[in-house]
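My notes follow in the order in which I took them.

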Amino acid sequence: MVCNLCPRKCNAIRDELIGSGFCKCGEKMKVARIAPHYWEEPCISSENGCGAVFFSGCTLKCVYCQNYEISSENNGRYISSVELSEKLKELEQSGVHTIEFVSATQYVDKIIETLDIYKPSVPIIYNTSGFESVETLRKLDGYIDVYLPDFKYSDDTLAKRLSNCENYSEIAINAIKEMLRQCPNLTFDDNGIIQKGVIIRHLVLPNHTKNSIGVLRLIKEHFSDSVLLSLMGQYTPYAKAFDYPDINRKITPREYDKVLDELIALNLDGFAQELESADKSYIPQWDY
Ligand code: SF4
Ligand code: SF4
């Protein structure tokens, strides 16, 4: 296939197992972990967890990625749409509340093929970096129940330095608008499990509270009452982050409080993580 699935529009040739694009992914899906996952927002994982599928490769390759081994080194095993549909069935039968696709952009066509074979009855969650093209998201219309995009940067220079991409903020705003067009109303079942809607995540980076405050203001300006915000404070240096002095430490309580104060001032609804969760033990085992 020739790939222009994400905003990089590499026009890359993707052979069955490997590709010439930025993500280096081939056409065949590759996954690093398929298992119940318990550390998402309470309305996603609750007691029984969400059935998470972690895909190999990523269209951003952030220098600080906690999943570096799978996002940049593309570790994992190949899997067909039929095999993945069987795995989704098994996850659903295990009692998970939701099914979550993590970093799946580069395999959107295969995911649609998989869901055409079997669509679980629990909500399907699409966990993404926010670096998405509107055309590709439109293909997912009707397949995804809940979008879980990051909104990483208001500062595009920072995005360029840490995630090697141009125009991140504008791309993320347009992508989230399309997600909201597809899933405009936040809906929950009687047990508080999300059924439809959009939750935006933001990870606070050390020394970059201005970037975070800018993100919160953009969310207020563009999406205000239509989304939930999930503020994350679990940043811990990993992978190439040790080579970047500004992000080579955890965030301080003072930095987190500063961002939290802005969230409260803007009256944004959602979740805020405890700072104690800043620990590498939350990184899953890549064991598929
Ligand atoms: S999905 Fe990969 S190959 Fe396709 S445009 Fe994006 S980075 Fe390039
Ligand atoms: S977008 Fe997420 S998964 Fe991809 S490299 Fe960045 S932090 Fe890692």
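Where does Thr59 lie? I found Thr59 in the loop between strand S4 (50-55) and helix H2 (68-71). Helices (H or I, at least four residues) and strands (E, at least two) are DSSP runs, numbered from the N terminus.

Before going on, I noted the ground rules. This is a predicted model, in which local features need pLDDT of at least 70 and side-chain atom pairs count only at pLDDT 80 or more, while totals for chains, interfaces and linings use all residues. Residues are numbered from 1 along each chain as its sequence is written, chains are lettered from A and ligands numbered from 1 in the order in which they are written, and side-chain values use heavy atoms, with hydrogens and water left out.

**Entry: Thr59**

Is Thr59 buried or exposed? Thr59 has 4% relative accessibility and therefore counts as buried. Buried means under 20% relative accessible area, exposed over 50%, and partly exposed in between (1.4 Å probe, protein chains only). I then listed what Thr59 touches, leaving out residues up to four places away in sequence: Cys6, Arg8, Phe22, Thr105, Gln106, Ser129 and Phe131. Contact here means heavy atoms within 4.5 Å.

**Entry: ligand 2**

Which residues surround ligand 2? I read off Cys58, Leu60, Lys61, Cys62, Cys65, Ser71, Ser103, Ser129 and Lys152. A residue is taken as near if one of its heavy atoms lies within 4 Å of the molecule or strand in question. Sorted by class, this shell has four nonpolar, three polar and two charged residues. For the classes, Ala, Val, Leu, Ile, Met, Phe, Trp, Tyr, Cys and Pro count as nonpolar, Asp, Glu, Lys and Arg as charged, and the others, Gly among them, as polar. Ser129 is one of the residues around ligand 2, and Ser129 is also among the contacts of Thr59.

**Entry: Tyr153**

I looked up Tyr153 and found it in the loop between strand S8 (146-149) and helix H6 (156-163). Tyr153 is buried, with a relative accessible area of 0%. Beyond its neighbours within four places in sequence, I list Tyr64, Leu158, Ala159, Leu162, Ser163, Tyr168, Ser169, Leu205, Asn211 and Val215 as contacts of Tyr153. From Tyr153 to Lys210 there are 57 residues in sequence and 9.8 Å in space, C-alpha to C-alpha.

Ile176 sits in helix H7 (residues 168-182). Its relative accessible area is 0%, so Ile176 is buried. Residues up to four places away aside, Ile176 touches Pro149, Phe151, Val198, Ile200 and Phe223.

I placed Leu228 in strand S11. Leu228 is buried too, at 8% relative accessible area. With the same exclusion of residues up to four places away, Leu228 touches Leu186, Phe188, Val198, Ile199, Ile200, Asp269, Gly270 and Phe271. Val198 and Ile200 are among the contacts of Leu228, and they are also among those of Ile176.

**Entry: helix pairs**

At what angle do H8 and H9 pack? I noted about 15° for helix H8 (residues 209-222) and helix H9 (residues 253-266), with their axes 10 Å apart. Axes are lines fitted to C-alpha atoms, for helices over the stretch in contact, and angles run from 0 to 180 degrees between N-to-C directions. H8 and H9 are therefore roughly parallel to each other. Angles under 35 degrees count as roughly parallel, over 145 as roughly antiparallel, 65 to 115 as roughly perpendicular and the rest as oblique. On the H8 side the contact is made by Thr209, Ser212, Ile213, Leu216, Arg217 and Lys220, and on the H9 side by Glu255, Lys258, Val259, Glu262, Leu263 and Leu266. By class, this contact of H8 with H9 has five nonpolar, two polar and five charged residues.

For helix H3 (residues 81-93) and helix H4 (residues 108-117) the angle is about 55° and the axes are 8 Å apart. That makes H3 oblique to H4. I list Ser81, Val82, Leu84, Ser85 and Leu88 of H3 against Lys110, Glu113, Thr114, Leu115 and Ile117 of H4. This contact of H3 with H4 has five nonpolar, three polar and two charged residues.
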